[in-house]
Amino acid sequence: MSETRNIVVLGLSFGGLSAAHYLCKHVLPQLKNSKNAKYELHLVDPSTHFWWHIAAPRELVSVREMPHDKCFVPSMDGFKQYSGLKDLIHFHQGSAAGLDTNARTVAIKGPDGTQALPYHALVIATGVRSPSPLTTLQGEHKISMKALDDMNVKLASAKHIVIAGGGPIGVETAGEIASHLNGKAKITLIAGSDRLLHQLNASRAKKAQTMLEKADVTVIYGTKATGSQEVSDGKTEVTLDNGETLTADVYIPAIGVSPNTDFLPENLKSKNGYVATNQSTLRVDAAGPRVYSIGDVSGVNHGGVLLLQAAMPALGANMAHDLFAEDKVGSFAERKYVRKDTETQLVPIGPKTGVGAFNGWGMPGFAIAMIKGKDYFLSTMPDFTEGRKYVKA
């Protein structure tokens, strides 16, 4: 009887879902013809639901405009389309807790304990985490749902709101709150450097500041929030690195992200803690054959959905090449990913305007609103949850 070979995908956010659907559309159907082994796909994530957290800045002000049932969907629903593979696809609710590259097993910690899952091929797509469940999942999806519901209630009566972070999440959140509350509260945005939005040029960053100030948002530069604690009357005291404090009714930390790589051996991490991914092949060479990484955790670019889509053709082709060649079930040409750090970022500031550029070309505010500000790309969710973006190899 032929052996069973597991293809394991760690993480089911944008990167993991993209890799999994590519495998189901272009790799597993051909591997079913193997005379050497039975191939099975194992999908691992702490949450049973995928969250379109791109829309978090609007969700945290109004879950009526961005309902939970539209933004959170069962991760496995999109795999029902693969009727010929249904007995070969398995979901494990849990987190990666360790990786043994010699034994080729990954430890999965779930509700019923920890299990060692053998892998023939492995995709590391564990993503990054923010300081708050308001902006990234922190385990089961219901944690973020509750955080969003609670924030909706708090904002309704808030008089002073402090947001820490001068990146896109901080700027978008400040813009959404300002638009929603329309002058009913004081809004302070703390930026750690001397400007906002470092992926955009200085003039566009200045334009973002002007838009925020026009919406009555006060921007403080050169200061970082170093901590926070609840004080009397449900308020929060935010400590700044200059020794000062701010007292707010609502505090939203939108500062930085950390890669979910705690489970990896040190030799598989780069200096900044991301996966030590081959920048052109998306393989993790130090982990041995048929190990890959995709998405923000891979560290092959600045991160984000647009750059993920640019990297996916190389990942998909190289997974197919390696698996087909090893099993001798066919051939598939390798591809190389070429990183292009062009100025590309779209940042809505409220629903009607924003700043941004695509491949270095500036975009007017109305275009930002029409393209992203309308629904934060929510209408494109099936591209990832159902793999529609990867119909063609």
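**Entry: the whole chain**

I kept in mind from the start that this is a predicted model. I looked up the secondary structure and got nine helices and 22 strands for the protein chain. Next came the overall dimensions: along the principal axes, the C-alpha atoms fill a box of roughly 70 × 45 × 40 Å. Does the radius of gyration agree or disagree with a compact globule? It agrees, because a compact globule of 393 residues would come out near 21 Å and the protein chain has 22 Å.

**Entry: burial, contacts, surface**

I checked burial and found that 53% of the 393 residues count as buried. For contacts, I took pairs at least 6 apart in sequence; 66% of those contacts join residues at least 24 apart.

I then turned to the second largest pocket, which holds about 350 Å³ of space. Its lining is made of 17 residues, and Met151, Lys154, Glu230, Thr236 and Tyr251 are the closest to the centre. Which elements give two or more residues to this lining? I noted α4 (141–157), β14 (225–230) and β17 (250–253). Of these, α4 supplies the largest share, with five residues. I also sorted the lining by class: seven residues are nonpolar, five are polar and five are charged.

Key
Residues are numbered from 1 along each chain as its sequence is written. This is a predicted model: local features need pLDDT of at least 70, side-chain atom pairs count only at pLDDT 80 or more; totals for chains, interfaces and linings use all residues. Side-chain values use heavy atoms; hydrogens and water are left out. On a 1 Å grid over the protein atoms alone, a cavity is a set of points where a 1.4 Å probe fits but cannot get out, and a pocket is an open set with protein on both sides within 12 Å along at least five of seven lines; lining residues have an atom within 4 Å of a point. Grid points are joined across faces, edges and corners, and a volume is the space filled by probe spheres set on the points. Helices (H or I, at least four residues) and strands (E, at least two) are DSSP runs, numbered from the N terminus. Ala, Val, Leu, Ile, Met, Phe, Trp, Tyr, Cys and Pro count as nonpolar, Asp, Glu, Lys and Arg as charged, and the others, Gly among them, as polar. The radius of gyration is taken over C-alpha atoms; the globule rule is 2.2 Å times the number of residues to the power 0.38. Buried means under 20% relative accessible area, exposed over 50%, partly exposed in between (1.4 Å probe, protein chains only). Contact means heavy atoms within 4.5 Å.
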